[in-house]
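Hello,

Here is the structure I promised to pass on to you. Have a look at it first, and my notes follow below.

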Amino acid sequence: MSKLTKNQKSVADKVEAGKAYSLKEASELVKEITTTKFDASVDLDVRLGVDPRKANQMVRGVVSLPNGTGKVTRVLCLCTPDAEAAAKEAGADYVGLDEYVEKIKGGWTDVDVIITMPSCMGKIGPLGRVLGPRGLMPNPKSGTVTMDVAKAVKEVKQGKIDFKVDKTGIIHASIGKVSFTPEQIYQNAKEFISTVIKLKPSTAKGTYVKSIFMSSTMSKGVKIDPKSVE
């Protein structure tokens, strides 16, 4: 068994095993137990009482985090020439269509989000085998296929993220950075969890939110009492 480092020892006793903390307590604690020298991400893992194999129990949505994600999000806007200027003004890092479609066909995926227009999907659809596995395929449900690409670009740059439950019934999301204040972490986490709760499928039976854990990139997980969010 590996020995704990000095930093790990100093935080080992700060999280009580099995204890469920309030969201506010967790937002403070996750900063205290993070010992990385880099600005770690703050992550949430929400286990839901749904069966993702059933289409009517798939939980998917978007949320605009009040304090942003703390990350630099690289946005590619695939649009018609008449929308290019507005997309650039809104903050898109890359704007165009045919030249980027060809780059993606060649394996280029050096972006975090791709936003496009319905009229361009005919050219983008065949890229699904490249973009799909990387979570980059534009989708109307996540707001990344829209007529108003400038608005979509601006929202993503300001902290809008999309999420969906995985096949094990868990939603994973990064909702900020350890450099955020506890209040900023709390506000982002509350907004995210509240959005997930609002998306409860009518067909879901029993306990909907089974567990919530908050952690940073390399910290222990802090168990959160779901009732502290409601």
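Which residue in β5 does V75 stand opposite? V75 stands opposite V113. Before going further, please note that this is a predicted model, in which local features need pLDDT of at least 70 and side-chain atom pairs count only at pLDDT 80 or more, while totals for chains, interfaces and linings use all residues. Residues are numbered from 1 along each chain as its sequence is written, and side-chain values use heavy atoms, leaving out hydrogens and water.

**Overall picture**

The protein has 8 helices and 9 strands; these are DSSP runs numbered from the N terminus, helices being H or I with at least four residues and strands E with at least two. Its C-alpha trace spans about 55 × 45 × 35 Å along the principal axes. Of the 230 residues, 45% count as buried (buried is under 20% relative accessible area, exposed is over 50%, and partly exposed is in between, with a 1.4 Å probe and protein chains only).

**The sheet with V75**

β3 and β5 pair in the parallel sense over 4 bridges; strands count as paired if DSSP finds at least two bridges between them. They belong to an open sheet of 3 strands in the order β4-β3-β5, with parallel pairing. β4 and β5 (113-116) stand at the edges with a single partner strand each, so one side of each has no neighbour in the sheet. The twist averages 15 degrees from one strand to the next. Helix α7 packs on this sheet, touching β3 and β5, and its direction makes about 160 degrees with that of β5. Here a contact means heavy atoms within 4.5 Å, and axes are lines fitted to C-alpha atoms, for helices over the stretch in contact, with angles from 0 to 180 degrees between N-to-C directions.

**Helix α3**

In α3 (residues 81-90), A83, A87 and A90 are buried. They lie on the same side of the helix, because they cover an arc of only 55 degrees around the axis (taken from the directions from the helix axis to the C-beta atoms). The buried residues of α3 pack against β3 (75-78), β4 (94-96) and α7 (149-158). The face turned away from them carries the exposed residues P81, A85, K88 and E89. After α3 comes G91, with a positive phi near 115 degrees.

**Aromatic rings**

The whole structure holds 4 aromatic pairs. Rings of Phe, Tyr and Trp (its six-membered ring) pair if their centres lie within 6.5 Å, and planes under 30 degrees apart are stacked, over 60 edge-to-face and the rest tilted. Y94 and W108 have ring centres 5.3 Å apart and planes at 85 degrees, so this pair is edge-to-face. Y94 lies in β4 and W108 in the loop between α4 (98-105) and β5, so the pair ties together parts 14 residues apart in sequence. Y94, Y100 and W108 form one aromatic cluster. The charged end of K103 sits over the ring of W108, 4.3 Å from its centre (this needs NZ of Lys or CZ of Arg within 6 Å of the ring centre and within 35 degrees of the ring normal).

**The other sheet**

Another open sheet has 4 strands in the order β7-β1-β8-β9, with antiparallel pairing. Strand β1 (residues 41-48) pairs with β7 over 7 bridges, and D45 has H172 in β7 as its bridge partner.

Enjoy exploring it!
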